[in-house]
Amino acid sequence: MLANFAICELLDIKYPIIQGGMAWLGTFELVSAVSNAGGLGVIGSGDAPPEWLREQIRATRERTDHPFGVNIMLMSPFVKENLQVVIEEGVKIVTFGGGNPGPYIPTLKEARTKTLPVVSSVALARRLERVGADAIIAEGMESGGHIGETTTMALVPQVVQSVKLPVIAAGGIADGHGLVAALALGAQGVQMGTRFICSEECIAHPKFKEQIIQATDRSTVVTGESTGHPVRCLENRLTREFRAREKAGVSVEELEAFGRGRLKLGIIDGNVEEGSLMAGQIAGLIKDIKPVKEIIESIMTEAEEIIKSLYRFKTEG
Ligand code: TUI
């Protein structure tokens with residue numbers, strides 16, 4: 001049995017697997033399932049208002065006694081209000097994405113809430129270690145949604161080398177091979193999003209789940225590079241039209257207006273051509289929809305077998 005992960009001790013969880021705090025999909029159904037299965041479920045507050053977040057926290061608590069977290073998306077108009085809810089409700093773990101959470105970390109520390117920022121660069125990881133983050137999630141550009149520019153393979157060891165904090169690898173991980181690779185790069189655990197979308201508990205529209213299952217290694221594209229907010233999605237009519245507009249030199253304001261409201265349309269309403277289907281490059285590896293517990297346990301079993309099999313490279317003496 002794999003054991004002794006620093007991140008499991010820090011977060012009081014059984015397995016070193018964190019669920020990405022996905023907007024619209026990190027709801028109590030998925031979050032409580034991940035936490036009950038021994039990982040860390042994370043409510044994805046996205047750009048949802050504080051009342052929604054409070055309801056989700058309470059609904060999660062009704063379904064699990066295990067630790068869970070809240071993701072604060074830093075481009076949301078409700079960052080301050082949502083952090084207030086986190087503190088009022090006594091949530092013990094917060095992950096951050098989409099920006100620099102430095103200014104918010106001291107207040108959370110005072111409230112004894114652990115902070116795990118998602119970073120796509122060494123510079124930000126270093127800065128957040130200095131202001132008191134508890135662990136760093138290093139997310140490569142293989143990920144779905146808003147991304148940086150460095151791959152997981154290159155980013156994770158550089159972050160590991162640059163900070164003393166435990167590092168969690170994210171981006172391009174969906175099975176035991178990915179977990180073992182992350183550990184080999186010096187990470188203490190993994191964060192996964194796309195794999196958990198294809199779980200029975202995730203409320204994503206069945207058509208979106210099916211698109212992930214049908215995906216190949218080349219099914220995702222990055223749009224929005226010209227707006228300064230690159231986003232990885234499954235390619236569809238929306239991404240093609242978005243790219244055509246970018247190529248034609250349409251203004252950032254117009255592009256943002258064109259993209260507004262598209263995420264829910266795609267992943268909840270199931271409009272798989274006109275909606276935004278944020279998913280990572282590992283989508284091509286995912287071939288089934290399973291209960292969360294099976295996803296997590298099969299990753300741990302597979303990782304253990306891989307680690308054992310790697311001993312065949314060991315020489316005598
Ligand atoms: O944030 C993510 N993934 C996301 S955010 C998102 S946006 C969204 N849109 C509509 C509704 C709801 C949500 C979709 N996916 N991942 C973490 C992440 N953070 N990746 C990259 C970064 C990042 C990028 C730039 C972090 C910091 C940063 O710069 C900060 C600085 O000032 O240095």
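Okay, hi everyone. Some ground rules: residues are numbered from 1 along each chain as its sequence is written, and side-chain values use heavy atoms, with hydrogens and water left out. Since this is a predicted model, local features need pLDDT of at least 70 and side-chain atom pairs count only at pLDDT 80 or more, while totals for chains, interfaces and linings use all residues.

Let's start with helix α14, residues 292-309. By helices I mean DSSP runs of H or I with at least four residues, and by strands runs of E with at least two, numbered from the N terminus. The expected span of a helix is 1.5 Å times one less than its number of residues. For the 18 residues of α14 that gives 26 Å, and the end C-alpha atoms are 26 Å apart, so the two agree.

Which residues of α14 are buried? They are Val292, Ile295, Ile296, Ile299, Met300, Ala303, Glu304 and Ile306. Looking down the axis, these buried residues fall within an arc of 165 degrees, so they line one face of α14. Buried, by the way, means under 20% relative accessible area, exposed means over 50%, and partly exposed is in between, with a 1.4 Å probe and protein chains only. The arc is taken from the directions from the helix axis to the C-beta atoms. And what covers those buried residues of α14? The cover includes β1 (17-19), α2 (28-36), α8 (176-184), β9 (189-192) and α9 (194-197), where contact means heavy atoms within 4.5 Å.

Now compare helix α10, residues 206-214, where Phe208, Lys209, Ile212 and Ile213 are buried. Those residues cover an arc of only 145 degrees around the axis, which puts them on the same side of α10. Their cover includes α9, β11 and α13 (262-267).

On to a strand. In a regular strand the side chains alternate between the two faces of the sheet. In β10, residues 220-223, both faces are covered: Thr220 and Val222 are buried on one side, Val221 and Thr223 on the other. β10 pairs with β11, residues 231-234, in the antiparallel sense over four bridges; DSSP has to find at least two bridges for two strands to pair. Opposite Thr220 you'll find Leu234 of β11.

Is Thr60 buried or exposed? It counts as buried, because its relative accessibility is 0%. Leaving out residues up to four places away in sequence, Thr60 touches Phe28, Val31, Ser32, Ile43 and Phe68.

Asp12, in the loop between α1 (6-11) and β1, has a positive phi of about 60 degrees although it is not a glycine. Trp24, in the loop between β1 and α2, isn't a glycine either, and its phi is positive at about 75 degrees. Asp12 counts as exposed at 58% relative accessibility, whereas Trp24 at 37% counts as partly exposed.

Last stop, the ligand. Of the 16 residues around the ligand, Gly98, Gly99, Val118, Glu139 and His146 come nearest; being near takes a heavy atom within 4 Å. A polar backbone atom of Gly98 is 2.9 Å from a nitrogen atom of the ligand. For Glu139, an N or O atom in the side chain is 3.0 Å from a ligand nitrogen atom. With His146, a backbone N or O atom lies 3.0 Å from a nitrogen atom of the ligand.

That's it from me, thanks!

Key:
A polar contact is a pair of N or O atoms within 3.5 Å; within protein, one must be able to donate a hydrogen and the other to accept it, and residues adjacent in sequence count only if both atoms are side-chain atoms.
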